[in-house]
Amino acid sequence: MEVARRNASGMHPAERRLDEDALAKIDAITERHHNQPDALIEIYHEVQDAFGYIPEGALPRIARALNISRAEARGVFTFYHDFRAEPAGRHVVKICRAESCQAMGCRSLEAYAKQRLGIGLGETTSDGEITLEAVYCLGNCALSPAVMIDGRLYGKVDPDRFDALVENVKRRAAS
Amino acid sequence: MAARLYIPGDSAACSVGADEVAAAIAAEAAARGISLTIVRNGSRGMFFLEPLVEIATPEGRIAYGPVTPADVKGLFDAGFLEGGPHPLGHGLTEEIPYLKNQERLTFARCGVIDPLSLDDFIAHGGYAGLQKALTLAPADVVAEVTASGLRGRGGAGFPTGIKWKTVLDAVSDQKYVCCNADEGDSGTFADRMLMEGDPYALIEGMTIAGMATGATKGFIYIRSEYPDAIRVMKQAIAMAEASGWLGGDIQGSGRSFDLAVRTGAGAYICGEETAMLESLEGRRGTVRPKPPIPALEGLFGKPTVINNVLSFAAVPTILERGAKFYADFGTGRSRGTLPFQLAGNIKRGGLVEKAFGVTLAELVYDFGGGTASGRPARAVQMGGPLGAYLPVSLFTLQQDYETFAENSAMVGHGGLVLFDDSVDMLEQARFAMEFCAIESCGKCTPCRIGSTRGVEVIDRIAAGIDRERNLNVLADLCETMTDGSLCAMGGLTPMPVMSALRHFPEDFEPRQTLDAAE
């Protein structure tokens, strides 16, 4: 049944759940990369930039455009930590858990952040404001512990500074 | 004439407020009716002084730091624009001992020039190496690199010239040059600093590699955790193309070389060269068995030069000033300089480029000033998450590939993470296994399964369960991972684990006993 339906429209059921606009956006991205399979990771980055995550329906759509199997497209999607299947919170806070930051107390900073935000790593606050994630090295090891918020790097982050930074991004968003 | 200031745009400097300081200085100058030019340079690598503000004076640049926006008014009052005295003042930047006592070849321009100004780059010796390479036959360029003794700065230490010769001698319709800028090791930031602070140096080194081997296309694989480096490199490539330093006919030489940036997606394993190739081809970053070596069958199956950022960036100096000049630095079979990175619990963290032969103690104490916490140092992890933990008694070791290998350790990418006496070495050993389990590509069993088992075994040792037997299991497991893994991820994870056990056995005593004793 499902096979017949897909053949009829040329679309995978997951694709149909996306609206025309979304499909056009995805197509424009793959076309910009000339539907080249080696650009798959760049394509995923751009889809995620456009949607905030990679919608389920994007996978079969991209697979067909690049002439790769859906299994390959999914395999790449699941391999890389960066790509998400669900939207993140409005702000993404990444805490470095690697050795240099460990030497400067990132274990207790991580515990503080979890307790303060009331969430674990990989989770989003119930108001949808903050997603907390682990990261392994931000290249700021002379100014450990390091945190990245919405792509911006911060160094020497203690609990007080963490609070100030989080309050700051929330305020920026509100204003 | 308007005063000229340098305030780093480097992401680490900005992580402690360089943008805010630049804005505060611009605002204060406007309020006082003073006109000034602010150049956003790279970092000098003295991160303990960031944000570092430098003023150009006829005598040289005068440094102030670390500056906060609250200091700005006082700096103006003290006449800092004329180099006036102030508690944050350090005098001439070049005379600060931390910088003066270095031997900067690869990082000579970083923090000095405007990173994206080609004029600045060329005025400071940029492209002299490529100009020289364009006058030489490819084999002569390779011979020069070989004679310099340069070895892979990414960590493996393979002779760069031999790699290049293999690619040069390979017959193919297409060859590639790939730069591994997936700097995922904790304690390292030199690649990021160079890409943000002197991006044309990397472009020049890669272009020389192209000229030397007959490769006409290059890729720089940069980790997604480095958004600023990605932005700067892309801008630099576009500007080099527009000025005829990249593209179809480089400076009228009739030779061509194209370059593009590819962004990683948060996978540590993609710093392994064959996993990086898979990722560049748009696939899961799983490791490829070797042989075939990438120099013969690399990107898209074609002969490929793969080097780290620092290896490529070392090459222009070698071409410009000759192999002998470069090889005169260093010791034994470790020639030239290595940009060491002082990180972790260290008072003066930053980048220290020194000739091989410098000791750990000189780096940790003379440059680094000991721990940031003021407590006694206990251990250094040298060479990233796959490097050994070394006790203070081994701080006498001199930095060269062979000396470290003889001590079951490695120099790696030159990153050094200092820990004070509050560190729990069992916890560090456990983390090494945990990290391997998180980041393993899953291709080979010793790494994929061994790392998870490693965490469990260490937990049992900590709990005092069958201690002797589990210590044996851990040693056995580490041996299997070392001998049986496809790549350095699983193959070297035992290094931090076993070094922690060897040098800090007291931390592997059962935890209950410790609690009971307290």
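This is a predicted model: local features need pLDDT of at least 70, side-chain atom pairs count only at pLDDT 80 or more; totals for chains, interfaces and linings use all residues.

I began with who touches whom: Ala22(A), Lys25(A), Ile26(A), Ile29(A), Thr30(A) and Arg32(A) in α3(A) meet Ile43(A), Glu46(A), Val47(A), Ala50(A) and Phe51(A) in α4(A). Contact means heavy atoms within 4.5 Å, and helices are DSSP runs of H or I with at least four residues, strands being E runs of at least two, numbered from the N terminus. I sorted the residues of this contact into 7 nonpolar, 1 polar and 3 charged (Ala, Val, Leu, Ile, Met, Phe, Trp, Tyr, Cys and Pro are nonpolar, Asp, Glu, Lys and Arg charged, the others, Gly among them, polar).

Residues count from 1 along each chain as written, chains are lettered from A and ligands numbered from 1 in written order, and side-chain values use heavy atoms, without hydrogens and water.

Next, chain B against chain A. I found 60 residues from chain B and 38 residues from chain A in the contact. I also noted 5 salt bridges between them (a side-chain nitrogen of Lys or Arg within 4 Å of a carboxyl oxygen of Asp or Glu). Arg262(B) pairs this way with Asp38(A), the closest N and O atoms being 3.9 Å apart.

Last, the backbone. I saw a cis peptide bond from Lys290(B) to Pro291(B), omega near 0 degrees, and another cis bond from Pro291(B) to Pro292(B), omega near 5 degrees. Pro292(B) lies in the loop between α12 and β9 of chain B.
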